[in-house]
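Please keep the sequence and the model at hand while reading.

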Amino acid sequence: MLRRHRQIHRLYCEVHHAVRFLLRRPVSAAFALLASLLWGVADYGGGAITRRLPALTVVVLSQTAAAAVLAVAVTATGGWGGAGPALWYAVLAGAIGPFALLAFYRALALGPMGVVSPLATVGVLVPIGVGLFLGERPGAVQGLGIAVAVAGVALAGGPQRGGPAVGRRVLVLTLGAAFAFGAVLALVAHAGAGGALLLTLCVQRLTNAVVGAGMLAAQARRQSLELRAGLRELPALTAVGVADVAANGLYAAASSPGSVAVAAVLASLYPVVTALMARGLLKERLLRVQVLGAGLAVAGTLILATG
């Protein structure tokens with residue numbers, strides 16, 4: 001009788017765990033996909049503004065605006081009381097962030113967005129590697145989805161003969177930004193695992209703003225800065241910063257209850273958004289290999305969503 005009771009209890013626990021997993025995974029997938037949409041919009045906006053303003057000015061003003069919005073939100077929700085040791089990971093992410101954004105925006109300004117943005121997604125290897133190191137083992141279907149999506153993102157970067165190429169400087173800037181972004185994603189997800197996600201993002205962006213302001217001050221010693229044009233672009237820069245921080249929050253929310261590896265790949269589909277916006281607004285030509293890559297990225301998303 002006791003043995004049967006234990007078997008029933010074990011079966012109940014397994015069913016309960018399966019139901020919770022099925023309920024959580026679609027929400028996590030939706031959060032990660034929405035993060036990719038917002039990142040794509042933010043990347044396009046940041047890259048487009050950087051073609052008119054210095055990259056460092058774009059980074060500092062957009063991150064300062066995002067930090068101000070987050071500080072108001074944390075104050076309104078009484079979130080300052082949730083501070084803990086995990087926030088040091090957010091500080092570290094905030095210290096890395098300005099250098100990553102500066103390199104990425106410069107690459108977007110110098111090279112074709114439809115190529116630079118997909119190449120930057122190789123940074124997804126960082127959170128995926130962290131997830132595997134922590135013991136995550138995606139299933140066979142999820143593994144297939146990850147492989148297809150990553151292959152699609154790589155192909156979306158091109159280039160092919162007769163199409164836009166990436167120079168050595170742009171390539172170095174892009175890959176440096178990519179791995180820095182991957183480290184930031186992993187750090188933010190770890191810092192926000194305790195539940196104080198809004199506070200985590202606020203601390204990260206405040207650190208971004210402080211480090212960026214220090215870089216701007218150092219640059220001002222060598223040359224005069226023109227911030228008037230940046231202030232005229234402040235509404236657009238605020239939108240870029242808020243979209244970027246919202247994407248970070250959605251990614252952290254997606255990776256906390258679910259698989260970090262799967263959430264990282266789903267969130268890395270943002271180059272498709274950037275490439276389509278560049279095609280529609282800047283008239284950048286999408287190559288056949290980029291169209292194929294976008295299709296594979298979507299296919300990988302569907303496999304992950306159903307796996």
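How are α3 and α7 oriented to each other, roughly parallel or roughly antiparallel?

## Helices α3 and α7

The model is predicted. In it, helix α3 covers residues 87-110 and helix α7 covers residues 168-191. Their axes come within 8 Å and cross at roughly 150°. Angles over 145 degrees count as roughly antiparallel, and α3 and α7 are therefore roughly antiparallel to each other.

The crossing of these two helices, α3 and α7, is left-handed. Sorted by class, the contact of α3 with α7 has 21 nonpolar, 3 polar and 2 charged residues.

## Helices α2 and α3

Helix α3 also packs with helix α2, residues 55-77. Here the angle is about 130° and the axes are 9 Å apart. That angle makes α2 oblique to α3. The crossing of α2 and α3 is right-handed.

On the α2 side, the contact is made by Ala-55, Leu-56, Val-58, Val-59 and Gln-63. On the α3 side, Pro-98, Leu-101, Leu-102, Tyr-105 and Arg-106 take part. By class, the contact of α2 with α3 has 8 nonpolar, 1 polar and 1 charged residues.

## The chain as a whole

The chain has 13 helices and 0 strands. Of its 307 residues, 46% count as buried. Among the contacts in the chain with a separation of 6 or more, 90% come from residues 24 or more positions apart.

## Transmembrane annotation

An unreviewed UniProt entry places the feature "transmembrane region" at residues 53-74, 86-108, 115-134, 140-158, 170-190, 260-282 and 289-306. For residues 53-74, the end C-alpha atoms lie 30 Å apart, and the span is 91% helix and 0% strand. For residues 170-190, the end C-alpha atoms lie 30 Å apart, and the span is 100% helix and 0% strand.

Gly-46 is in helix α1, which covers residues 2-50. With a relative accessible area of 0%, Gly-46 is buried. Leaving aside neighbours within four places in sequence, Gly-46 is in contact with Val-58, Tyr-105 and Val-240. Val-58 and Tyr-105 also belong to the contact of α2 with α3.

Gln-204 is found in helix α8, residues 197-222. Gln-204 is buried as well, with a relative accessible area of 1%. Which residues does Gln-204 touch, not counting those up to four places away in sequence? They are Ala-90, Ala-93, Gly-94, Val-184, Val-188 and Asn-248. Of these, Ala-90, Ala-93 and Gly-94 fall in the residue range of α3, and Val-184 and Val-188 in that of α7.

## An exposed residue

Is Leu-276 buried or exposed? Leu-276 lies in helix α12, residues 270-281. At 52% relative accessibility, Leu-276 counts as exposed. Leu-276 and Met-113 are 163 residues apart in sequence, and their C-alpha atoms are 9.6 Å apart in space.

Key. Residues are numbered from 1 along each chain as its sequence is written. This is a predicted model: local features need pLDDT of at least 70, side-chain atom pairs count only at pLDDT 80 or more; totals for chains, interfaces and linings use all residues. Side-chain values use heavy atoms; hydrogens and water are left out. Axes are lines fitted to C-alpha atoms, for helices over the stretch in contact, and angles run from 0 to 180 degrees between N-to-C directions. Helices (H or I, at least four residues) and strands (E, at least two) are DSSP runs, numbered from the N terminus. Angles under 35 degrees count as roughly parallel, over 145 as roughly antiparallel, 65 to 115 as roughly perpendicular and the rest as oblique. A crossing is left-handed if the near helix is turned anticlockwise from the far one by less than a right angle, and right-handed if clockwise. Ala, Val, Leu, Ile, Met, Phe, Trp, Tyr, Cys and Pro count as nonpolar, Asp, Glu, Lys and Arg as charged, and the others, Gly among them, as polar. UniProt positions are given in the numbering used here, feature names are shortened, and annotations may be inferred rather than shown by experiment. Buried means under 20% relative accessible area, exposed over 50%, partly exposed in between (1.4 Å probe, protein chains only). Contact means heavy atoms within 4.5 Å.
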